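Welcome! Please take a moment with the sequence and the model below, and then we can walk through a few places together.

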Amino acid sequence: MDHVAIGLGPLLGPLLLTPTLAELRGLAPKREFTLPLGSDFVMEHMVHSQRSVAAGRWWTHFTHAFVHNDLNHLVGNLSMLVPSAIAVAQGYGAWSTWLTFFGGCAAGTLNLGDMKNRQRANQIRNMLQPAGAAAGAPQAVAQFWGKGADWAAEKLAPIVTSYAGYVGCSAGCCALLGLDFCTSVAALWQSLCSNRTSKQVSMDSESVEEISFRATSHILSVYFTLKVVGEQLAAVQSGAAGSVDNAAHLIGFGFGVGCFALFSLRRKLLHF
């Protein structure tokens, strides 16, 4: 329980105390317990963008995690953060929880594999192409417009990405989810490859039920995580409309997988 409190407390505190952008802009009632931060300060020193980093504000790679658009955005991220952080803190400790979360948040701001530009280009393409397929438009005109839309999308995507502000801790939450996912897969694999047999180990009905419960929990965790990852991949490829940075979610998840490899290697080295 100490690992959970230490691992989760320092994350929940700033998340709950930082006012949302809607509160700062007067679009929602401001909570009384939030920090007295001004809109200009938050936008300049906490919200991340490529321009803020170019201006020397490197810390926005991390501080953006505590800023959210509104309470719905905050609550949605908290619903993912709390269970994932508890699982990671119980299995790996508080320091590993912080490293995975903040590392995932920072990784989510990067355009790794050009994934952010790919999603942005698909979004722009989806906005432009319907005009070329308007009813009654000649096929040659539609084809010409489609090629123009593809060219414009590829050129505009990097520009839009460079000016886009990034807020929220979803990439960090996905990093914790990625670490917990790998932990569940490893536990399932270990149980399947175990050399123990029913003759070597005698188990009463209670222990069988306990093992079955753990296995079922891991299977459900793996299934739902794969479902979420599949949805994020589909959103990037299709250019789903909206302000959600699905590419950042996938990048954060990948960081969590990397953390699992790192922590597993560390444990093996400590056993030597």
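A polar atom in the side chain of Ser162 lies 2.6 Å from the backbone oxygen of Ile159. Please keep in mind that this is a predicted model. Ser162 sits in helix H9, which covers residues 139-163. Is Ser162 buried or exposed? Ser162 counts as buried because its relative accessibility is 17%, and the cut-off for buried is under 20%. Once neighbours within four places in sequence are left aside, Ser162 is in contact with Gln50 and Arg51.

With a relative accessible area of 83%, Glu32 is exposed, since exposed means over 50%. From Glu32 to Pro19 the C-alpha to C-alpha distance is 9.7 Å, and the two are 13 residues apart in sequence.

Here are the two residues side by side.

| Residue | Place | Relative accessible area |

Now for the inside of the protein. In soluble globular proteins, nonpolar side chains tend to be buried together. Here, the largest nonpolar core has 41 residues. Those with the most contacts inside this core are Leu15, Val42, Val67, Leu81, Phe101 and Cys169. Two or more residues of the core come from each of helix H1 (2-17), helix H2 (21-24), H6, helix H7 (94-107), H10, H11 and helix H12 (246-271). H10 gives the most, with 8 residues.

What does Leu81 touch, leaving aside its neighbours within four places in sequence? Leu81 is in contact with Leu8, Leu11, Leu12, Leu15, Phe101, Cys173 and Leu176. Two of these partners, Leu15 and Phe101, are also named among the core residues with the most contacts.

Finally, let us look at open space. The largest pocket holds about 710 Å³. It is lined by 30 residues, and Gly165, Tyr166, Ser243, Val244 and Asp245 are the closest to its centre. Which helices each supply at least two residues of the lining? They are helix H6 (71-92), helix H8 (115-132), helix H10 (170-192) and helix H11 (205-238). H8 gives the most to this lining, with 4 residues. By type, the lining residues of the largest pocket divide into 16 polar, 10 nonpolar and 4 charged.

Definitions and conventions: Residues numbered from 1 in each chain as written. Predicted model: local features only at pLDDT ≥ 70, side-chain atom pairs only at ≥ 80, totals over all residues. Heavy atoms only, no water. 1 Å grid on protein atoms, 1.4 Å probe; cavity = no way out; pocket = protein on both sides within 12 Å on 5 of 7 lines; lining within 4 Å. Points joined across faces, edges and corners; volume = space filled by probe spheres on them. Nonpolar A, V, L, I, M, F, W, Y, C, P; charged D, E, K, R; others polar. Core = buried A, V, L, I, M, F, W, Y, C linked by side-chain atoms within 4.5 Å. Buried < 20%, exposed > 50% of the residue type's maximum accessible area, 1.4 Å probe, protein only. Contact = heavy atoms within 4.5 Å. Polar contact = N/O pair within 3.5 Å; in protein donor to acceptor, adjacent residues only side chain to side chain.
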